[in-house]
Number of protein chains: 2
Amino acid sequence: MKNLSKMFKPESVAVIGASNTPGKVGYIIVDNLINDGFEGKIYPVNPKGGEILGKQAYASIKDIPEKVDLAIITIPSVFVNETVKDCGEVGVENMVVITAGFKEVGEEGAKLEAELTALGEKYGINIIGPNSLGITDSHTPLNGSFSQMMPPKGNIAFISQSGAMMVAIIDWSVTSGIGFSKVISLGNKAGVNEIELLQYLADDDETNVIICYLESISDDEDFIRTMRETAVKKPIIILKSGSSSAGAEAASSHTGALAGSDLAFDTAFGQSGIMRVETMAELFDLGLAFSKAPLPQGKNVAIITNAGGGGVLTVDAMEKAGLDLVKFDEETTAKLKQCIPDEGSANNPIDVLGDAPVDRYKESLDIVLHDERVDSLIVMVCPTASADPDGIAQAILDGRRDSKKPIIVVNMGGPSFEDANNLLRDNHIPTYVFPETAVHALSAMTKFAKLEERKYDDVVEKITDVDKDTVKAIFDKVTADGRDTLLGSEAYAVAEAYGISAAPIKLSTSADEAAQLAEEMEFPVVLKIASDKILHKSDIGGVKVGIATPDEAKEAYDEIIANAKKAHPDIVPDGVEVQKMMETGQEVIVGMIKDKQFGPMIAFGMGGIYVNLIEDVSFKLAKGLSSQEIDEQIEATKVSELLKGYRGEAACDIEEVKEAIKRVARLTLDFPEISELDINPIFVYEEGSSALDIKIKL
Amino acid sequence: MKNLSKMFKPESVAVIGASNTPGKVGYIIVDNLINDGFEGKIYPVNPKGGEILGKQAYASIKDIPEKVDLAIITIPSVFVNETVKDCGEVGVENMVVITAGFKEVGEEGAKLEAELTALGEKYGINIIGPNSLGITDSHTPLNGSFSQMMPPKGNIAFISQSGAMMVAIIDWSVTSGIGFSKVISLGNKAGVNEIELLQYLADDDETNVIICYLESISDDEDFIRTMRETAVKKPIIILKSGSSSAGAEAASSHTGALAGSDLAFDTAFGQSGIMRVETMAELFDLGLAFSKAPLPQGKNVAIITNAGGGGVLTVDAMEKAGLDLVKFDEETTAKLKQCIPDEGSANNPIDVLGDAPVDRYKESLDIVLHDERVDSLIVMVCPTASADPDGIAQAILDGRRDSKKPIIVVNMGGPSFEDANNLLRDNHIPTYVFPETAVHALSAMTKFAKLEERKYDDVVEKITDVDKDTVKAIFDKVTADGRDTLLGSEAYAVAEAYGISAAPIKLSTSADEAAQLAEEMEFPVVLKIASDKILHKSDIGGVKVGIATPDEAKEAYDEIIANAKKAHPDIVPDGVEVQKMMETGQEVIVGMIKDKQFGPMIAFGMGGIYVNLIEDVSFKLAKGLSSQEIDEQIEATKVSELLKGYRGEAACDIEEVKEAIKRVARLTLDFPEISELDINPIFVYEEGSSALDIKIKL
């Protein structure tokens with residue numbers, strides 16, 4: 001893990017390309033460092049030397065009399081790499097390259113950038129950028145950016161892959177009342193990437209939550225495992241653009257980074273515990289909640305409102321978000337009845353009525369927070385004629401006492417609540433205008449609090465009874481034959497080598513052999529022409545089902561070969577495949593989609609010929625897959641209801657399904673050369689299962 | 001349709017219950033009328049007479065020397081009805097009852113309210129309320145409410161069923177920059193309801209868009225047809241609370257109104273052209289767009305942005321919302337290339353770059369608005385170091401010239417854009433902070449613009465070849481027998497009477513008759529014990545399939561009767577039903593759910609035993625159902641792909657499906673006594689169809 005503490009807490013900063021001309025980047029950065037209160041040493045570097053903004057300027061980094069902790073580079077791109085060398089030679093360990101004109105401008109720039117990366121590695125320099133807007137740390141304080149405004153102080157770390165979006169978000173933070181610990185403009189990620197930053201920030205005491213705007217995710221062999229460890233320490237919320245196909249296209253033309261499959265991103269984020277949001281607004285809404293409130297212990301929510309309608313909207317939103325409206329215990333209800341008039345409601349949601357005086361809020365708050373069933377509280381205030389927003393805000397703080405339960409306040413309105421919102425937010429209570437937003441934020445907090453209960457058992461890696469050599473030999477033969485698709489008998493052999501239950505398929509090259517194989521696997525069997533070149537096997541008489549005796553098998557063999565010869569005189573078939581006919585069971589599919597970035601992604605769902613229409617499929621990445629995740633994957637489908645025994649039907653052997661998922665995961669991890677794999681259907685029985693049709697493409 | 005013009009534009013207003021005591025409702029209302037600029041006559045009414053807030057007070061409405069256009073009532077509930085009589089006698093035609101203590105407080109209050117309704121009808125008084133916060137009209141101007149603040153002037157009409165939510169929304173409007181034509185607090189809806197208000201407001205020249213917060217929808221025999229006419233005139237946006245089951249429960253305890261099924265609300269809103277939103281925020285976001293911008297002619301959107309990332313987010317959101325990223329014609333692209341640097345993008349989304357001067361926005365805006373392919377435009381501004389928010393806002397106005405295409409601006413940030421937002425909104429350009437909101441609003445506008453293309457052909461009412469008498473006779477017999485469920489043979493007869501293709505089922509009461517019926521309908525047939533009391537017919541040997549000859553039929557009859565007698569010696573079966581065995585076809589379901597408020601709702605979808613698991617079902621209300629809606633209903637399901645011939649399979653007879661939907665709609669409209677109806681499966685063939693299992697319950 002990179003040590004970035006001197007990046008954000010340097011004792012000295014050199015600005016290479018510092019300038020005396022107002023408006024120039026090299027001027028703004030020195031100015032920002034000084035004006036936004038950086039207390040360490042500032043060394044402007046400019047070949048002309050002299051004085052810049054009252055500080056002595058040096059002609060070169062090499063001329064500075066002490067070792068510099070952080071260099072910020074703003075000189076033209078063609079001079080950057082030379083300067084990086086200089087920095088490396090004098091022991092600079094952290095660097096922000098503001099200069100643009102690298103990968104984002106084409107081939108020439110990409111070459112420069114590759115050099116920059118190499119230099120960083122050679123000298124052990126942590127490089128943020130190039131094409132970065134800079135970094136800020138409001139606790140140091142350090143404004144090492146050319147943002148016009150120092151972001152307000154707080155405990156949200158913000159990583160942005162777009163400079164323009166970064167300034168937009170800093171600007172909006174003033175309106176939305178959030179504050180930042182660090183703001184980091186990633187730029188082209190030639191050195192330090194977002195994964196390394198997330199790891200660093202997860203251990204940063206000044207940061208409670210990390211929000212990110214990202215256009216691509218950096219390659220990391222072990223993304224899921226790395227992020228699992230990180231995301232459980234601090235909430236990580238990512239807005240990843242390019243979720244639509246048109247958007248991904250626009251993104252790739254914009255950043256030059258080839259966007260991976262959005263489904264894979266979703267799956268990777270989900271499996272690693274990262275929260276993905278869909279809109280800019282959510283990024284803030286969730287950031288605000290995590291930065292202010294303690295985490296809830298469970299999903300039981302109490303609501304106090306002075307408007308019945310608002311309570312109903314809150315309950316509507318809670319049901320969608322999976323939060324529960326807690327039923328109070330008798331003691332709580334009895335106490336509430338004493339402080340709430342009959343026209344109101346002492347049940348959840350508690351309606352303190354539109355004319356509620358400040359004390360009624362305070363008392364009911366105090367009562368419900370003491371109910372052990374209550375995990376969190378949403379308090380809603382409408383600015384009715386008799387409502388006193390400031391008084392109610394104070395009452396909430398008073399009523400809370402030392403409770404560690406999160407309280408989220410919905411102050412429904414604008415100007416009436418300005419002071420109240422400030423007071424509450426300053427005291428660890430997030431406030432929102434609308435109930436739906438509050439519920440969304442609370443739901444995210446509840447989910448994050450559950451993250452640490454997740455168990456990772458590396459169940460796929462622990463499988464030992466697989467026969468790699470056999471599979472390797474089969475793949476080699478297929479490749480040697482100039483094919484990319486396995487025959488059914490080959491695919492069966494692969495399944496067998498990896499312990500995936502399948503209906504036996506064997507290749508025969510004579511009528512006698514066909515009969516013998518059929519006898520070995522027990523009748524009835526199917527005979528099928530074996531050739532990857534003959535596509536519509538049934539149409540040409542290349543398939544015979546229900547073969548029940550050795551004689552029938554022999555006859556069928558000869559007929560099939562004859563039919564094939566007639567239809568395709570130019571094709572020499574590999575023989576005839578004999579497959580045992582199986583009883584039908586519940587049909588499921590287990591397949592694999594290969595993602596460029598995250599590797600094999602396992603699909604599970606309802607099988608059969610309408611898989612693509614029904615779309616009852618759920619996905620998990622193979623790498624790091626856990627037993628718990630496999631359970632979730634099965635549970636996420638409708639076919640799981642059928643497997644469990646739908647409406648009194650007998651239950652199927654779900655263990656077999658899990659086994660199939662695990663072993664397909666293992667197979668596709670062991671053999672990255674597999675480009676496509678589909679087992680559809682697998683018949684699942686009350687006991688056991690049988691893969692019927694296995695397609696493997698290299 | 002009620003004439004409410006004097007309600008909102010009265011020449012004289014009486015405040016009954018006016019008071020000299022500050023803080024009392026009767027004081028606030030007189031004060032609001034005066035201070036918020038009402039120019040007509042104000043008559044305070046108070047038994048003590050004298051002077052109130054400088055106006056002569058009258059002891060009774062009867063003492064006022066002229067006919068009063070609007071009476072606002074604030075006296076205690078027990079005196080209200082007496083006063084309404086007085087008002088009626090002196091010809092008052094419009095009234096707002098602020099007084100609470102009616103239906104919402106229980107039985108006694110409900111009685112008072114029923115009297116109030118009756119008096120309103122007797123005297124022809126339009127009554128808003130009781131339990132209303134009042135009404136405002138910012139154009140009159142009239143503040144006939146006890147809201148602390150007169151809502152800002154604008155062209156959004158707002159109807160709220162909750163007083164507290166109303167004041168919250170007025171408060172928020174200041175922050176969100178929207179203005180209102182009228183604000184109406186519905187109260188208990190004892191007189192004028194929201195449907196009548198919507199009809200009135202749809203013709204109101206001062207109103208461009210109507211937004212509503214509703215907890216219930218008033219009963220209206222012909223809700224869909226009424227609303228279709230209304231919703232096409234003005235955009236109607238409704239936030240209906242109680243969408244969740246827990247929320248509906250909370251709502252009913254809150255308002256005393258029994259909430260209907262949320263699915264039925266959704267369906268009714270969809271079929272009538274009302275836009276339903278899920279959150280308070282959307283209510284504002286959409287209201288803002290409709291109140292400011294002209295409607296787009298199509299769904300082709302152009303984007304101009306100074307941040308590539310923002311463009312990508314916009315494209316992501318557009319794909320979800322069904323909007324298209326237009327491809328510019330060659331002329332446009334050529335022109336754009338002249339004004340945009342190479343590092344930017346002259347393709348859609350247009351990237352004018354972070355350093356874009358004001359003119360680059362203006363020119364590109366002018367160019368794309370002249371491209372005939374472009375229907376609407378989203379302009380995005382990030383507050384980069386070189387961005388000039390105010391200048392860009394002015395440039396947008398200049399570049400727009402006289403274009404009638406909607407322009408939506410995303411000013412990403414807070415304080416930097418305050419003036420720019422005001423300037424743009426004042427000039428018919430809605431502005432948002434985030435791209436996703438802008439896209440959502442534009443998508444709603446695009447859909448609304450398409451509403452007038454909808455065709456309603458009353459296709460269900462036009463069916464004439466149905467035999468009501470036969471069905472009536474069957475239902476009478478069932479009822480006379482003390483049953484509520486039809487036998488299969490009865491249900492078949494009902495289907496036959498309504499022209500629904502079904503596999504014949506006839507009841508036999510002897511072995512000979514069974515054989516004869518079977519011969520008439522052609523073999524093979526199924527024989528089944530006929531009794532609504534025997535539930536598991538197969539288990540007791542009450543079903544025989546594949547009967548192929550008359551002799552087999554006779555034998556089967558006797559066996560079935562014997563088996564039934566053995567299993568249930570106490571039950572006298574109705575006989576044995578003979579059903580023709582049909583070839584299997586594509587399985588669909590057509591069913592009916594009876595909604596308390598909106599009547600029969602027709603379900604269509606994938607049939608078979610897993611209907612409830614697969615949930616591939618779409619719904620339409622029977623009343624007013626059109627051919628276009630039936631097409632939409634079928635199209636909304638996955639089974640429609642199978643019907644159209646999935647992946648080269650033969651297409652099924654979709655006309656038969658439409659016919660079944662129409663005729664089931666007609667049947668359930670003609671016979672409201674049908675409480676449940678399910679036809680599952682219907683086999684649909686390449687030609688024709690056959691309903692296999694018809695369940696009808698009265």
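The following is a conversation about a predicted model.

Biologist: What should I know about the model before we start?

Modeller: The model is predicted: local features need pLDDT of at least 70, side-chain atom pairs count only at pLDDT 80 or more, and totals for chains, interfaces and linings use all residues. Residues are numbered from 1 along each chain as its sequence is written, chains are lettered from A and ligands numbered from 1 in the order in which they are written, and side-chain values use heavy atoms, with hydrogens and water left out.

Biologist: How many helices and strands are there in chain A?

Modeller: Chain A has 24 helices and 30 strands; these are DSSP runs numbered from the N terminus, with helices being H or I of at least four residues and strands E of at least two. Its C-alpha atoms fill a box of roughly 100 × 80 × 40 Å along the principal axes.

Biologist: And how much of chain A is buried?

Modeller: Of its 698 residues, 59% count as buried, meaning under 20% relative accessible area, with a 1.4 Å probe and protein chains only.

Biologist: Which residues have the most contacts inside the largest nonpolar core?

Modeller: They are Phe223(A) and Phe223(B), in a core of 205 residues. Such a core is a set of buried Ala, Val, Leu, Ile, Met, Phe, Trp, Tyr and Cys residues joined through side-chain atoms within 4.5 Å. Apart from that core lies another, of 101 residues, including Val478(A) and Leu625(B).

Biologist: What does Phe223(B) touch?

Modeller: Not counting residues up to four places away in sequence, Phe223(B) touches Ile195(B), Ile217(B), Ala268(B), Phe269(B), Ser272(B), Ile274(B) and Phe598(B). Contact here means heavy atoms within 4.5 Å.

Biologist: Changing topic, at what angle do H5(A) and H10(A) cross?

Modeller: The axes of H5 (residues 163-176) and H10 (residues 280-292) of chain A come within 12 Å and cross at roughly 50°. Axes are lines fitted to C-alpha atoms over the stretch in contact, and angles run from 0 to 180 degrees between N-to-C directions.

Biologist: Which residues make that contact?

Modeller: H5(A) contributes Met165(A), Ile169(A), Trp172(A) and Ser176(A), while H10(A) contributes Met280(A), Leu283(A) and Phe284(A).

Biologist: Is Gly154(A) buried or exposed?

Modeller: Gly154(A) is buried, with a relative accessible area of 17%, and lies in strand S10 (residues 153-160) of chain A.

Biologist: How far apart are Gly154(A) and Ser181(A)?

Modeller: They are 27 residues apart in sequence and 5.1 Å apart in space, C-alpha to C-alpha. Leaving aside neighbours within four places in sequence, the contacts of Gly154(A) include Ser138(A), Ser181(A) and Glu206(A).

Note on methods. Buried means under 20% relative accessible area, exposed over 50%, partly exposed in between (1.4 Å probe, protein chains only).
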